[in-house]
Amino acid sequence: MCGIIGYIGNKEIIPVLLKGLRCLEYRGYDSTGIAIHKGENLNVVKSVGKLSNLEEVLKKEHLLNGANGKNGKNGKSGHVSCGIGHTRWATHGEPSDINAHPHFDSDEKIAVVHNGIIRNYQEVRDSLIQKGYKFATETDTEVVVQLISYNFKETNSILKSIFKSVNELEGSYALGILFKQEPDKIYAVRREAPLVIGIGSGENYLASDSATVSQFVEKIIRLEDNEIAEISKENINFYNLKGEILKKEIQTVTRSKDILDKRGFKHYLAKEINEQAEVVSNLLKDFLPSHEKPIQFNHLKLTPDFLKTIDRILILACGTAYHAGLVGKYVFENLTSIPTEVQFASEYLNSKPLLTEKSLVIGISQSGETADTLAAVKKAISKGATFVGITNKQDSALADLAKEHLLISKAGLEVSVAATKTFLAQMTVLYMLAIYIAETIDSSNPKKLSLVKQELRLIPQLIDQTLTRQEHYQKQVLQYANNPDFVFIGRGINYPIALEAALKLKELSYIHASGYASGEMKHGPIAVLDTKVPVVSIIVPGETYDRVFQNSLEAKSRQAPMIAVAVDGDKKVESIFDTILRIPPITELISPFLTVIPLQFLSYYIAEHLGRDVDQPRNLAKSVTVE
Ligand code: F6R
């Protein structure tokens with residue numbers, strides 16, 4: 001959830017660290033900070049809030065000049081520059097200057113940045129206090145740096161102090177470490193939290209994701225769990241926890257000059273919503289080049305024998321990925337007739353796992369780093385189930401767990417914290433997987449499958465048409481911006497869209513919103529309705545239409561302002577809805593690809609109108625690496 005950057009080379013250090021942190025800010029934006037070697041000492045500068053606050057502090061301290069972003073007194077070219085930086089999502093201790101990383105040991109000889117959680121931090125802290133250590137912050141990270149300091153004094157060896165400390169620390173974490181006495185080295189540790197090294201010529205980088213290092217270099221080395229790297233300008237040594245030297249493979253990534261380009265949009269969110277047609281189209285080109293041929297999943301090593309004996313499918317995910325999973329349930333059951341269940345990964349951790357070797361478990365996570373999802377998937381795998389991973393990140397822990405059963409959702413980098421295009425990408429992959437299984441086990445009518453495939457191939461163009469209506473949606477929804485509560489309702493395959501719409505509105509605008517299966521309204525939630533609570537019905541022609549219409553009438557009779565997402569040409573909705581967000585006509589089974597779009601815009605435009613921080617809503621982070 002936090003972001004780590006590190007650099008060693010001849011470039012001016014602060015601009016490089018800031019550029020890296022800008023790419024990593026999606027991982028948390030409660031505070032930022034850097035540590036650099038300055039003269040004989042380590043210099044730590046940090047600030048609560050976003051990166052722009054840190055830039056202001058650096059300018060005040062004459063470490064950063066104005067517009068050109070060049071250094072003040074530090075990192076003159078020709079000198080080796082060495083530093084680490086951090087962007088934080090608070091877990092232990094409130095967002096504040098003092099709790100911001102990097103953290104020093106008491107002697108200010110070691111500086112540490114940290115992503116993840118130290119589970120035994122209280123125990124280690126108590127034992128260090130008994131040895132006379134004093135703590136200045138509430139963070140688990142300070143425990144790490146003080147422990148390294150203690151072990152350094154005990155062993156008089158930097159490497160030994162790291163090995164010893166890592167063996168004593170429990171949890172999942174990534175670390176970047178600087179030692180005052182070693183101005184030309186960065187040390188890095190990975191344990192179940194991502195860390196990548198970027199290799200340049202006479203310079204090396206460290207970052208929490210490969211997208212960030214791809215800004216600078218194209219050769220990377222991914223650290224694996226329980227590995228330690230000793231990084232200097234020209235050389236990198238890798239060790240396991242026993243201190244044995246490891247050989248690591250260099251990989252090549254596509255050099256990406258500016259991953260943070262907004263392509264003319266005011267917010268990443270708007271850009272990413274507008275990329276959805278392209279995202280779905282790219283996936284269809286790969287998996288479904290023609291509706292006449294079977295779906296191609298050549299790289300997925302699931303045998304037909306296994307697919308034919310699957311007794312149940314269990315989908316594990318969180319948040320928006322969970323909603324994609326709920327859509328997947330309808331599709332799997334409709335096309336394959338295999339009983340499918342979807343569980344919040346965090347809840348699965350407390351449940352009795354009813355899995356067999358014939359069960360297929362699908363874990364969905366755009367970041368591939370969500371701690372709850374990873375833990376739930378590991379639990380399912382330990383019960384003997386076959387696991388398929390769906391993620392947007394090739395270099396993620398979820399991808400590692402999936403091994404040969406990995407499906408990359410290829411949505412491209414999603415910078416905005418609220419998930420939009422990755423949701424459509426996850427749904428696309430789930431539809432493809434359902435069709436693939438249906439075709440392999442021969443469980444569905446081939447004509448029906450061919451029709452679904454034909455319709456899916458039209459989706460990108462229908463998304464495009466829907467996107468052309470965004471300004472109209474804007475005009476339609478702003479009248480509701482000051483309503484304090486919203487209710488979204490849908491049935492069947494659009495019930496998950498009601499949940500997703502409510503989630504999006506909450507996280508972007510901070511307006512309270514709930515999503516309900518429309519039939520449930522009369523069993524309690526209808527009590528909240530009055531003239532101030534708009535009800536948004538997702539009502540598309542198909543099996544659920546009449547019932548959603550009836551439930552909408554019930555809401556209307558409680559004086560709720562009524563908004564519909566409905567297809568062009570549906571005149572019946574005009575009789576009860578005050579506002580109708582129109583989408584192109586579409587079959588119910590694939591309608592979630594379109595029904596969600598006006599609702600993404602509803603949340604976006606209301607949030608923007610209210611002056612919210614659309615791309616980085618309060619209290620959130622893009623990847624949630626704590627359980
Ligand atoms: C909502 C959102 C979150 C994530 C959830 C799971 O817009 O972004 O609800 O969907 O935290 O994240 P991943 O997919 O990375 O596992």
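Colleague: Where does Glu192 lie?
Modeller: This is a predicted model, by the way. Phi of Glu192 is near 55°, a positive value even though the residue isn't a glycine. As for its place in the chain, look between strand 8 (186-191) and strand 9 (196-199): Glu192 lies in the loop there.

Colleague: And the cis peptide bond, which residues does it join?
Modeller: Go to the loop between strand 4 (81-88) and strand 5 (103-104), where you'll find Pro102. Omega is about 0° for the bond in question, and it joins His101 and Pro102.

Colleague: On to the ligand. Which residues come nearest?
Modeller: There are 15 residues around the ligand. By class, that shell has seven nonpolar, six polar and two charged residues. Those that come nearest are Ser365, Gln366, Ser367, Thr370 and Glu507.

Colleague: Which helices each supply at least two residues of that shell?
Modeller: Start with the domains: domain 2 (261-468) and domain 3 (470-616) each give the shell at least three residues. For helices that each supply at least two, the pair is helix 10 (319-336) and helix 17 (495-509).

Colleague: How far is the side chain of Ser367 from an oxygen atom of the ligand, taking its N or O atom?
Modeller: Take the backbone cases for context: a backbone N or O atom of Gln366 lies 2.7 Å from a ligand oxygen, and one of Ala419 lies 2.9 Å from a ligand oxygen. For the N or O atom in the Ser367 side chain, the distance to a ligand oxygen is 2.6 Å.

Conventions:
Residues numbered from 1 in each chain as written. Predicted model: local features only at pLDDT ≥ 70, side-chain atom pairs only at ≥ 80, totals over all residues. Heavy atoms only, no water. Near = heavy atom within 4 Å. Polar contact = N/O pair within 3.5 Å; in protein donor to acceptor, adjacent residues only side chain to side chain. Helix = DSSP H or I, 4+ residues; strand = E, 2+ residues; numbered from the N terminus. Nonpolar A, V, L, I, M, F, W, Y, C, P; charged D, E, K, R; others polar. Domains from an automatic or database assignment.
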